[in-house]
There are 2 protein chains.
Amino acid sequence: NKSKKEISYSNRGMTLEDDLNTTNAYYLANNIAVIHKKPTPIQIVHVDYQSRSTAVIKEAYFRQASTTDYNGVWDGRYIDFEAKETKNTTSFPLNNFHDHQIKHMKSVVEHKGIAFVILRFVKTDELFLLKAEDLFFYWERMINGGRKSITKDEIIKSGYSLKYSLHPRIDYLEIVRHVYSL
Amino acid sequence: NKSKKEISYSNRGMTLEDDLNTTNAYYLANNIAVIHKKPTPIQIVHVDYQSRSTAVIKEAYFRQASTTDYNGVWDGRYIDFEAKETKNTTSFPLNNFHDHQIKHMKSVVEHKGIAFVILRFVKTDELFLLKAEDLFFYWERMINGGRKSITKDEIIKSGYSLKYSLHPRIDYLEIVRHVYSL
Ligand SMILES: [Mg+2]
Ligand SMILES: [Mg+2]
């Protein structure tokens, strides 16, 4: 029973980031790809060097990332993506992305890297992969005065559904292989 | 006068990281490559949410990186490297590298990425690019009971000298193009 199987594999309170980290660890352990999440950028203001070995950061601030969160290499190809969640059910708000992330993905595509986003609708636990090129289209539409979100219908039509599984949790590279005909 | 020119371009109290960040900014602005330094990995223990907009990290610790510091894409190719400095003058200590960084570079090479290290001798301000494959050789030699450093002569022979210039500060991709026959 297929639907039963899908339910049993579904996301149980894990964040999309957790699932992607688990997936990337699987890809690495199974020699499929080398993809890592970048650390959160922090602006460090004060560090207490109590001893040489235990430096304690006492004051620091979150900085905005200048790139996407995930990148790495898969069969010689450069892979770059961002993962975002929304609690909305009928559309994905574009304010989840920052202007410099869009700019970064445009540079990646221009330099022949593979760039995409993984979108999760939290309430229904649905996952989609959207090529950066398609995201740019919706982004430009917003810039030109259009709607500030991508409708779910548009995501279904221009994106690709991703399923949860056991190993790996979210086999996004299988979809990338299909989408980019690799 | 060539030696005079080299002196005028030389590093004036800039760290290798500063120079590489400036170089990467140049590559990005001039549409040559998209290469970024990864943020320093931090273990956050306590955050003070004084207001929604100003979260202050009050306790955090430096974590060891699981990858190298720099990566990105250049003409569709995955580029990955680590930069290290030493105050030694006759050899480069291998304890500048961590076991997981070596492991990471081995994975990158296995997945057809381009991996290397940029080494700087601080006192003479000399820079070298060493292919990861050559670093592995010296690393294995150490593991097998050999010396815990790479002699400067070995670096001169197996590595490639990098020069400072104005724009970009350290044109390492030009050397990569030569070394990997791209
Ligand atoms: Mg993010
Ligand atoms: Mg480092």
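A:Asp69 and A:Glu82 are both buried, where buried means under 20% relative accessible area, exposed over 50% and partly exposed in between (1.4 Å probe, protein chains only). The model is predicted, with local features needing pLDDT of at least 70, side-chain atom pairs counting only at pLDDT 80 or more, and totals for chains, interfaces and linings using all residues. Residues are numbered from 1 along each chain as its sequence is written, chains are lettered from A and ligands numbered from 1 in the order in which they are written, and side-chain values use heavy atoms, with hydrogens and water left out.

| Ion | Protein donors | Distance |
|---|---|---|
| magnesium ion (ligand 1) | A:Asp69 (OD), A:Glu82 (OE) | 2.3 Å |
| magnesium ion (ligand 2) | B:Asp69 (OD), B:Glu82 (OE) | 2.3 Å |

In chain B, B:Asp69 lies in the loop between strand 3 (55-62) and strand 4 (70-74), and B:Glu82 in strand 5 (residues 77-86), 13 residues apart. Strands (E, at least two residues) are DSSP runs, numbered from the N terminus. B:Glu82 has 2% relative accessibility and therefore counts as buried.

B:Asn71 sits in strand 4 of chain B and is buried, with a relative accessible area of 2%. Its side chain makes a polar contact with the side chain of A:Asn71 at 2.9 Å, and another of 3.0 Å joins the side chains of B:Asn71 and B:Tyr78. A polar contact is a pair of N or O atoms within 3.5 Å; within protein, one must be able to donate a hydrogen and the other to accept it, and residues adjacent in sequence count only if both atoms are side-chain atoms.

Notes:
Donors = N, O, S within 2.8 Å, 3.2 Å for Na, K, Ca; no water. Helix = DSSP H or I, 4+ residues; strand = E, 2+ residues; numbered from the N terminus.
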